[in-house]
Amino acid sequence: MRTFLTIVLSAVGGLLLLVGGAVAVVVGPDDTASLPADEVPSPSGVALTAFDMFPVRDLTLHVEATSAGGPVFLGTAHPVDGRDYVRGVAASWVRGVDRTGTLRTDAIEGELDAPEVDPTAATFWTDSASGDGTQALDVRLADEPVSFVVAPQGGPAATTLAFGVLVPRSFVAALGVAAVGALLVAGAVLVRRRRVRTEGPPAVATSRAGTSTGPEPEPVGATRPAAARPTFTRTAVLGAGVAVALTACTPLPSAVEHPSAPARIAADEDEIAAALASYGERRTAASALASQLDASGWAASDTDGLLALLQFRTTLAAARGEAPTATTVTYSALDAAVPQFTSYPMWFVALLEPTTDGTPGENPQIRVFERDRATAPWRASLALEVPADTVALPAPGAASVATPEQVAAGLAGVELLRSHLETGAEVGVELGELADARGSFLGNDLEGKLVVDLAQVTVFGAPEDPTAPGGPVQVVPVDGGVLVTSTLSLTFNQRMEAGWTVSLTDDALAQATGQTGERQNIRASGVVQSVLLVPDDTAPRVLAASWSFLAPSA
């Protein structure tokens, strides 16, 4: 029996000693096991890792990057942000790594040899490291997908990537396992030595019947000496317990299945707060320039229909010689509908409380914010005051994404508005203040002598799909229907009866639109923005609307 025990203790102890020692050597005191580094094949040195390269959770990934050209940037981001950041760059798509550290890559086609924006200036990174020498990140993998971006700073240069795994307390645990193995081997030696010592010489029988010589039996109740107790067993159990305790607090990695096309919500609560703070600063700066009759600042804060409207208002103010007063504005989010997207551009609709020069606005505003690229600022494309308590927006994410049926209902409502503005016909919509828009553009028909010979109303920019990201129509699911924000372009041409001429009575408007003096034709171009509620079971209703002339296009 003791021979068997000796063999078992030697075998198990030796194995534990070997495995524990080997693991300790591999992970080292920093608890990290790393593969050799491999060079990124793209000439630019820019690389993006596939989001599903490591489909596990509860694992800490250790990644290192170097650049032969000097400083290097290594960052983690949502895959949507990472892919957009390297868009247009001739880069490498890292889709895997083998056990030798060799990268498996595909080429990302592009004409640029470096990203358009310095990576250290971007704000979407979830973690990053940059500088000379080796840059490293330890990233805990979870359910959310993540991509790594490596980019040399200062121009194209050869870069390397290396991957490893960080297992907290693994070095100590490995030493503990090795210690347990050593104790078991020592125990085997003690068992072997005790067996040799206690067996002694064999008993010898005498010729006298009933007598023999040999070790005397121990008295009943006698206690074995303390030195003879198997203390190595208790020590081994204690060592094993320590090793288990050191590793039991670390969840074991498990597989996770990522979607084929990861989606991210346009902005979380913190990102919205940062976007509004930045927007208020840019709006304030643009207002200061506009007070000097300079419309160039609006492009930094606003876009599309709202930008065209603001630029024309500044042009008209210059024609009147009436510089607007500069204002300081801030915005606080009351609510927001924030859809999720698989690529840029993105948008969200925010219900805001505006504050101008320290005074809160009387009514909240609906503003549509759009972002073309991951590195671009959020800019507003629509801004309208709405009556208080008339809008309740859905939760962020999937709840803010309209179904195809809801999109169709929203577009049908916008088509009714478009038809009314173009023809003046009744369309079964509660138009509210929008009922005055068409008349504002057409003005007096001079007793029938001024005839409309062209009326054209389209969605702003005339995209093929106006509800696509970056388009002029946003459809948001709300309780009992959809909320639709839209921007429409409008063009009217009015022709005077033969033998008559016409002129604009507003000299500043005539100058701003390039239509001064007596004319045979008057051309009115403009933009109309609206917030439309389309209920499931009642007529659509315009909650807010605004419109403005624009300079006629050539």
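Student: Is Tyr85 buried or exposed, and what is its relative accessible area?

Tutor: The model is predicted, and the area is computed from its atoms. A residue counts as buried under 20% relative accessible area. Tyr85 falls under that cut-off and is therefore buried, with a relative accessible area of 3%.

Student: How many helices and how many strands are there in the protein chain, and what percentage of its residues is buried?

Tutor: The protein chain holds 10 helices and 25 strands. Of its 554 residues, the buried ones make up 43%.

Student: Of the contacts between residues at least 6 apart in sequence, what percentage joins residues at least 24 apart?

Tutor: A contact means heavy atoms within 4.5 Å. Among the contacts in the protein chain between residues at least 6 apart in sequence, the share that joins residues at least 24 apart is 75%.

Student: How many aromatic pairs are there, and what kind of pair do Phe73 and Trp125 form?

Tutor: The count comes to 11 aromatic pairs. For Phe73 and Trp125, the distance is 4.8 Å centre to centre and the angle between the planes is 50 degrees. Planes under 30 degrees apart count as stacked and those over 60 as edge-to-face, so an angle between these limits counts as tilted. The pair of Phe73 and Trp125 is accordingly tilted.

Student: Which parts of the chain does the pair of Phe73 and Trp125 tie together, and how many residues apart are they in sequence?

Tutor: Phe73 belongs to strand 6 (residues 72–77), while Trp125 is found in the loop between strand 8 and strand 9 (127–131). Both residues count as buried, Phe73 at 1% relative accessibility and Trp125 at 12%. The pair therefore ties together strand 6 and that loop, parts whose separation in sequence is 52 residues.

Student: What kind of aromatic pair do Tyr85 and Trp125 form?

Tutor: The centres of the Tyr85 and Trp125 rings are 5.4 Å apart, with 75 degrees between the planes. Tyr85 lies in helix 2 (residues 79–85), so the pair ties this helix to the loop between strand 8 and strand 9, 40 residues apart in sequence. An angle over 60 degrees counts as edge-to-face, and the pair of Tyr85 and Trp125 is edge-to-face.

Student: Which ring lies under the charged end of Arg83, and which under Lys449?

Tutor: The charged end of Arg83 is 5.1 Å from the centre of the ring it sits over, that of Trp93. Lys449 is 4.9 Å from the centre of the ring whose face it lies over, that of Trp500.

Key
Residues are numbered from 1 along each chain as its sequence is written. This is a predicted model: local features need pLDDT of at least 70, side-chain atom pairs count only at pLDDT 80 or more; totals for chains, interfaces and linings use all residues. Side-chain values use heavy atoms; hydrogens and water are left out. Helices (H or I, at least four residues) and strands (E, at least two) are DSSP runs, numbered from the N terminus. Buried means under 20% relative accessible area, exposed over 50%, partly exposed in between (1.4 Å probe, protein chains only). Rings of Phe, Tyr and Trp (its six-membered ring) pair if their centres lie within 6.5 Å; planes under 30 degrees apart count as stacked, over 60 as edge-to-face and the rest as tilted. A charge sits over a ring if NZ of Lys or CZ of Arg is within 6 Å of the ring centre and within 35 degrees of the ring normal.
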